[in-house]
Amino acid sequence: MVTLGERLRELRKSKNLKREELGEIIGLGPRIITFYETNDRDPSLKVLIALADYFDVSLDYLVGRSDDPARR
C-alpha cells in the first residue's frame, strides 16, 4: 500500500513544486512538508483537507487507501 508520504511527494512533483512552494500554498514550512513526505509526522485533518483540495484528489487517495484520485 502506498503511504501518505509517497503519495504527497508524487503529487507535489507532478505539479513541479518545491517543498517550499507547497508549504507556502497551504501555510506550512518546507520542513513540515519533508516530515510528511518521509512519514515522520502525520498531518492534521485540516492539513489533509487542504492538501486534498489543492491537488483535487480524495482523502482516501491522498492517504493511500485508494488508487482512484477522483473525488465523490
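Reply: For the angle between two axes, 65 to 115 degrees counts as roughly perpendicular. Please keep in mind throughout that this is a predicted model.

Me: OK, so at what angle do helix 2 and helix 4 pack?

Reply: The packing angle between helix 2 and helix 4 is about 110 degrees, and their axes are 10 Å apart. An angle of 65 to 115 degrees counts as roughly perpendicular, and helix 2 and helix 4 are therefore described as roughly perpendicular to each other.

Me: And which residues meet there, between helix 2 and helix 4?

Reply: From helix 2 come Leu22, Ile25 and Ile26, which meet Val47, Ala50, Leu51, Tyr54 and Phe55 of helix 4. Sorted by type, the residues of this contact between helix 2 and helix 4 are eight nonpolar, no polar and no charged.

Me: Switching to helix 1, which of its residues are buried?

Reply: In helix 1, which covers residues 4–14, the buried residues are Leu4, Gly5, Arg7, Leu8, Leu11 and Arg12. Looking down the axis of helix 1, these buried residues fall within an arc of 165 degrees, so they line one face of the helix.

Me: What do they pack against?

Reply: The buried residues of helix 1 pack against helix 2 (19–26), helix 3 (30–37), helix 4 (45–55) and helix 5 (59–62). On the face of helix 1 turned away from its buried side, the exposed residues are Lys13 and Ser14.

Me: What comes after helix 1?

Reply: Asn16 follows helix 1, and its phi is positive, near 55 degrees.

Me: Now Glu37, is that one buried or exposed?

Reply: Glu37, which is placed in helix 3, counts as buried because its relative accessibility is 2%.

Me: What does its side chain make a polar contact with?

Reply: The Glu37 side chain makes a polar contact with the side chain of Arg19, at 2.9 Å. If residues up to four places away in sequence are not counted, Glu37 touches Gly5, Glu6, Leu8, Arg9, Arg12 and Arg19.

Me: Last one, what is Ala52 in contact with?

Reply: Ala52 lies in helix 4 and is buried, with a relative accessible area of 2%. Leaving aside neighbours within four places in sequence, Ala52 is in contact with Val57, Ser58, Leu59, Leu62 and Arg71. As for Leu8, its C-alpha atom is separated from that of Ala52 by 9.6 Å, while the two residues are 44 residues apart along the chain.

Methods: Residues numbered from 1 in each chain as written. Predicted model: local features only at pLDDT ≥ 70, side-chain atom pairs only at ≥ 80, totals over all residues. Heavy atoms only, no water. Buried < 20%, exposed > 50% of the residue type's maximum accessible area, 1.4 Å probe, protein only. Helix = DSSP H or I, 4+ residues; strand = E, 2+ residues; numbered from the N terminus. Arc of directions from axis to C-beta. Contact = heavy atoms within 4.5 Å. Polar contact = N/O pair within 3.5 Å; in protein donor to acceptor, adjacent residues only side chain to side chain. Axes fitted to C-alpha atoms, helices over the stretch in contact; angles between N-to-C directions. Parallel < 35°, antiparallel > 145°, perpendicular 65-115°, else oblique. Nonpolar A, V, L, I, M, F, W, Y, C, P; charged D, E, K, R; others polar.
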